[in-house]
Every structure is written in structure tokens, then in C-alpha cells.
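Subject: Structure for your review

Dear colleague,

Please find below the structure that I am handing over to you.

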Amino acid sequence: MPELFTQLFIAVIAISLAIRVWLGLRHIRHIQHNRQQVPQAFAETISLEAHQRAADYTSAKVRLRLGETVVESAILLALTLGGVLQMLDQVWQQWLPEHEIIRGALVICSAMLISSAATLPFDYVQTFNIDEKFGFNNMSRSLFFTDLLKHTGIGLVLGGPILFVALWLMQSAGDWWWLYLWLVWSAFNLFMLAVYPIWIAPLLNKFTPMQDLSLKTRIEALMQKCGFTSQGLFVMDGSKRSGHGNAYFTGFGKNKRVVFFDTLLEKLNADEIEAVLAHELGHFKHKHVIKRIVMMFGLSLLGLALLGYLMKQDWFYQGLGVVQASNHMALLLFLLVSPVFMFILRPLMAAYSRVNEFEADQYASQQSRPQYLIDALVKLYRDNASTLTPDPLHSAFYDSHPPASLRIAKLQTYA
Ligand SMILES: [Zn+2]
């Protein structure tokens, strides 16, 4: 049985890696093939130069992330079948033979540290080579590393207690531990959704109430028309890190906030900003956020129930290169390995998300005007150097947003 599971694991890693590499190469080929000509629908709004810049920027990013995918797979194999986890477990066992929960948490943290250290160089290259070259990077090296420290600190402060609770429940809560952990996990997530914008996000960015009064009045009128109440409109200093623009809703219940990146406000006029916000309100109206949360809770319940079963199977440990069964190893193996198996869900989630995007676009067309959203999209695609000619298969597999040409074609039918 362990051998069989090992073979299955290797096969799934190999297949998903092959699919990713194949899709990535297709995507680059498709983009380069269409590099010489701006697609008809954008011929008047996007210059050939901007189109080629987008082609080169996208290709460079895809190439880098292909390298990252290969490294990630290699690290996962080294950790599991390569025996690194087994070794980590033994090292901590020698240092801390008692205190099973603390030792378990340390084993998990060390493994997570190794796997995130391995992919860190890719983020560095993306920021300081690729984004820098295309003029998107506004980060200094010291900000990059300060961010890294802050993210690690926030991760430890928030994730640490949850990890202890998980290991403690696994140890002492009996056969139904996974159900209790699911309740704790769900409550923790709801709590985070509520407090993230107020407690956590300000540690990384500055949020200032929107100053532009005429724009503010307009946006508030739109929100009122759509029946949306929020705790205010904020401008975030996104330009501190990158030139990419965005807008989003954050928070939960009464703590909802609307956040605009300063870079977005700079690029779009009031009509376009209103259309972008109307699109975001569309997500709210169609309850996309709630549906997503419910789906995630459902998935985590299934996952935890599965972990409850797997932790009692010797083949689960041995098949993944771990000799001795333990709660922390079960949890760690599950955290590392389940994303590999979840890979097959990726195109389904992406397709579902694209349906949501179309719904939000339609709503925006009713509340604002289709042409305003089209203008905003064209500007955002151009200024973010997003490709207008993605490979259709790559896009179907990965993209949470439909390709620009399809979105705009659909928006034109509402006009
Ligand atoms: Zn959207």
C-alpha cells in the first residue's frame, strides 16, 4: 500500500508539472505569435508599442513562474520522499523529546520555512528584475525585506496560536477532533475577515480617507443607489510598492470598506472609477464573496475529515517518506501534499470565477455605463501591461478574469 501511494503521488506531481509547463509554453508562444499586431478591437486605443510591452512583460513573468513551479515540485519531493521531513522530525525529537505539541509546531514551522525560502528568490527576481525593467517596481530592497519580516511576523502571530490549537485538538479531542478544529478554523477566518482591514492591513500600507470631495459624493451616491453601506472610502498607497492599479472591498459585515489604490485614482477619470466601483458592487450584489466563503468552509470541512481518516493510515506516512506516524506529521504532510491533488480543481474554480466576473460586469453596465467600464478596462490593461492575447487554454485553466477581448465584447452587447 505505501508503495502504491508513493507511485500515485509521483504520478500526480509529474502530470501536474507537465500540464503547467505545457500551458506556460503555449501561453508564451501564443503571445509572441500575436506580438506584431494589436488585436482589431483595441487598434484605436492601444498602441503597438504598449501591446508589445505587454507581450514581453507577460512572457517574462510566465517564464519565471515556470521555473518556480519546477523548483516547488523538486522541494516537495525532497521534503517528502527525499527524507528531509523525516530528518527534521528526528532533529527536533532529539532536542525536545517531551512537549509533543511544541515540538510538532516547530517541525511544521521549519518545513514551511524551507519551502518558502526556496521560492523567495522568484519573488525577488519578479520585483527587482522584471517589474523593475518594465517600470512597475517602486520598492527599495529594504522595503522588500521589511515586508518579508512583517509578513513572517504576522503569519507567526496569527498562525501560531491556530497551529497550537490544531495540534492540541488532534491530541486530546478524540475521534471528532477534525469537526472541532473546523469550527475553530471557521470562526477564526470570520474574525480575520472582520479585523484584517482595521488591524492588519495598516501594518503594511497607509490608508487615508478619500479627499476628493466631488468624487466621494459621486461614489457615495452610487453606493446608496446599490444599497451598500460601508465604513468609509479609503485610498491606499499602493504606489509605495508597484505601479499596478486596483480597487477592492474588504472586511465583513459592518466593517466593510472600499479601498482604492492611489495608482488607480491617478489613471482613471471619475466616470471610469465609478464604473470600476459598480463592478465591485456587482460582486457584492450577487453575493459572490459570501458564496466563496461558504465554498471554502465546505472544502475545509471535507479536507479536515479526510485528514481525520488519513492520520490513522500507516501508508499515508510511509508512502510520503515519513517513518513514524504523529499528529504533527499528518497535519504537515496534508498541508504540503493536498495542493498537488487540488490542482485538478483549478480550472473549475477559475471558470466559476469568470462567470462571477461577467455577472459583475453586467451589473456595472446597469448602474454605470458599459462604455465607462470598457474605457477603464482598456486603460488598466494598457497601464498594467496585461496581455490582450492570452492562449485560450492557458486562460481557461488559470484565469480568474475573462480575457479583455471577451469582457469588452460582452459589455458592448449591453450598450
Ligand atoms: Zn471582479
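I begin with a group of charged side chains: Arg65, Glu68 and Asp123 are joined to one another in a network of salt bridges. Please keep in mind throughout that this is a predicted model.

**Salt bridges**

The count for the structure comes to 11 salt bridges.

In one of the pairs, Asp56 bridges to Arg35, with 2.8 Å between the closest N and O atoms. Asp56 belongs to helix α2 (residues 48-79), whereas Arg35 sits in the loop between α1 (2-33) and α2, and the two are 21 residues apart. Asp56 is partly exposed, at a relative accessible area of 26%, while Arg35 is buried, at 19%.

Another salt bridge pairs Glu274 with Arg218, whose closest N and O atoms are 3.1 Å apart. This pair links distant parts of the chain, since Glu274 is in helix α9 and Arg218 in helix α7 (residues 213-225), 56 residues apart. Glu274 is buried, with a relative accessible area of 13%; Arg218 is partly exposed, with 28%.

Asp175 and Lys312 form a further salt bridge, in which the closest N and O atoms are 3.5 Å apart. Asp175 is in the loop between α5 (141-172) and α6 (177-204), and Lys312 is in the loop between α10 (288-310) and α11 (314-318), so this pair ties together parts that lie 137 residues apart in sequence. Asp175 and Lys312 are both exposed.

**The zinc site**

Which residues hold the protein donors of the zinc ion? They are His279 and His283, each through NE2, and Glu357, which is listed with two OE donors; the distances to the zinc ion run from 2.0 to 2.8 Å. His279 lies in helix α9 (residues 270-285) and Glu357 in helix α13 (residues 346-367), so these two residues tie together parts that are 78 residues apart in sequence. The spacing of the donor residues in sequence is H-x3-H-x73-E.

The angles among the four donor atoms range from 51 to 137°, and the site is irregular. His279 is buried, with a relative accessible area of 5%, and Glu357 is buried as well, with 6%.

**Cysteines**

A search of the whole structure found zero disulfides. Among the cysteines, Cys109 is partly exposed, with a relative accessible area of 33%, whereas Cys226 is buried, with 2%.

Yours sincerely,
A colleague

Terms used:
Residues numbered from 1 in each chain as written. Predicted model: local features only at pLDDT ≥ 70, side-chain atom pairs only at ≥ 80, totals over all residues. Heavy atoms only, no water. Donors = N, O, S within 2.8 Å, 3.2 Å for Na, K, Ca; no water. Tetrahedral: all angles 85-135°; square planar, octahedral: opposite > 155°, others 65-115°. Helix = DSSP H or I, 4+ residues; strand = E, 2+ residues; numbered from the N terminus. Buried < 20%, exposed > 50% of the residue type's maximum accessible area, 1.4 Å probe, protein only. Disulfide = S-S within 2.5 Å. Salt bridge = Lys/Arg side-chain N within 4 Å of Asp/Glu carboxyl O.
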